[in-house]
Amino acid sequence: MSEGTWRSNFDAGSAAWASRRAHLRSVGIKSEDLERPKIAVITPWNEIGPCGFHLRGLAAAVKDGIYEAGGLGFEIFTCPMLDLQTLADARYMLVTRDLISFEIEVAVESFRFDGMVLIGACDKTLPAELMAAARLDLPSIVVAGGYGAPGCHEGRRIDMESLLEAPGALGNGEIGLAEVIELAERACPGPGVCSFLGTANSMHCLAEALGMTLPGTTPIAAAGERAGQIARSAGRRIVELMRNDVRPRAIMTAPAFENAVKVALAIGASTNVVHHLAAIACEAELRVSVIELFERFGRQVPQLCAIRPNGNDQIEDFERAGGTAAVMQRLAPLLHLEARSVAGGTIGDHLAQISAAAGAVIRALDDPASASPALTILRGNLAPDGAIVKSSAVPQEMRAHRGPARVFTSVDDAVQAIERRIIGAGDVVVLRGLGPSGGPGLESAVAFTGSLVGSGLWRSVALVTDGRFSGATRGCCIGHVTPEAALGGPLAIVENGDFIAIDVDRGSLVLEVADQELQRRLGRWQRPARRLRPGWLSLYAQTVQSYAEGAVLGKRS
């Protein structure tokens, strides 16, 4: 794009020009500013939780930067999405990602914005924004919304992970209801995403690894001046990107996705980043199998950090140690340094300008926090197309496990089974029907995994599901089993008492049933009848693609 040819401007005297002028003047835009480039500031602001509550302040800083650089910024609000507030109906967690991406498309294309600044917040918002950026391919830049401060209870640090584990401890008789109330009162003392390396912070870091943020800006505390300064700088930079016609597909290339996968492995990112990266790559029309990238690089890239829940270091320790940029500097021999950044130049150019990482929070390649992969792809007759485990959070005694299946089709039923002591040490809990089509919406098993930890069973019970978890999940929890049960995947025909063998280090997930019996059961299987009321979930179920393709909507070539 060049000055005076912005797509947001129309031919003088045309109906579109006249109506645009009238509407912008009605909201206070000065006549002399009407020809400036117009930029959507995508803001997942809401008043219902901490992740987006503070974002209007960041959006204002972005808009200031945009105006200083010669543009006009307009806030565009998206559907509010807070993962842990949707536990009452967890089916809406993933489906909201795609809804937000289409909301952005509708707003940006109908108004004919010239570019976008994408403010990331809770788990699904930044993936949705990057999906929209890849699909529309308009100049775009990401600003991380930032993490919140942890809470404090009886002198110890607490956060949402602590709270999710409380019901299990309550059911086990270890704490009372009064303490659960106290934890709820103190777990989130202020705005920002969860204060650990869950999906939100993981995706903020991977946006930088993809080259879509200003270097050295993730993770970032939501409170403090630095977040506002970064937002203002991003506002100025988006105008330069537009003038130079730098678009997302020139940044988010196949080498950039390889860089992001390597960074995800090095930091011990959430398992959910796998399908989010796959969805973004799909929208960018790249022929990249993200699952295969994790499989290929899993044994090559050591874990350089042990950030909660992978270890004892905190997200703020990670930021102070240099964050994503410092990790990438350590990984430099393994990265595609020629990949481009929205800051201009290459990733290698920017890494050459930062100081060498120091201290124990971000380790060196030859002295890693763990030589084992942080995320592992498992395969076997129970997961022919793969499953994922956050191997960095699996206790040593559970890395190889064999036990009888306890099958459930409801998260609530599985939680109650813990409370009634139906589930015991050694079991392998199978939670099925939670996949993208079956949920529909890749339902979260976070209530169950929290109860598993709270009850103390996480060191002796494994979980296998076609659903997903929180990025803070601990234990031998295997998710995203593909093909999912609702589409006739082998998980659909597991019976109570069948033995399942798991070997995290070897990457195997095996149902110990003879092939002939397995085929007999699959031949008899029929998809359970169900009726969904008309609405977004019904539309989603009819059009969602497989997890391996990022669970995007619509048939992709």
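Trainee: Where does Pro483 lie?

Mentor: Pro483 is in the loop between strand 12 (477-479) and strand 13 (499-503). Strands here are DSSP runs of E with at least two residues, helices are runs of H or I with at least four residues, and both are numbered from the N terminus. Before we go on: this is a predicted model, where local features need pLDDT of at least 70 and side-chain atom pairs count only at pLDDT 80 or more, while totals for chains, interfaces and linings use all residues. Residues are numbered from 1 along each chain as its sequence is written, and side-chain values use heavy atoms, with hydrogens and water left out.

Trainee: Thanks! What kind of peptide bond joins Thr482 and Pro483?

Mentor: That bond is cis, with omega about 0 degrees. Most peptide bonds are trans.

Trainee: Is His480 buried or exposed?

Mentor: His480 is buried, at a relative accessible area of 1%. Buried means under 20% relative accessible area, exposed means over 50%, and partly exposed is in between, using a 1.4 Å probe and protein chains only.

Trainee: How about Asp245, what is its phi?

Mentor: Asp245 is not a glycine, yet its phi is positive at about 55 degrees. You'll find Asp245 in the loop between helix 9 (225-243) and helix 10 (248-251). Asp245 is partly exposed, with a relative accessible area of 34%.

Trainee: New topic: what is the strand order in the open sheet of four strands?

Mentor: The order is 2-1-3-4, with parallel pairing; two strands pair if DSSP finds at least two bridges between them.

Trainee: Which strands stand at the edges?

Mentor: Strand 2 (72-77) and strand 4 (140-144); each has a single partner strand, so one side of each lacks a neighbour in the sheet.

Trainee: How many bridges link strand 1 and strand 2?

Mentor: Six, in the parallel sense, with strand 1 covering residues 38-43. Phe74 in strand 2 is the bridge partner of Ala40.
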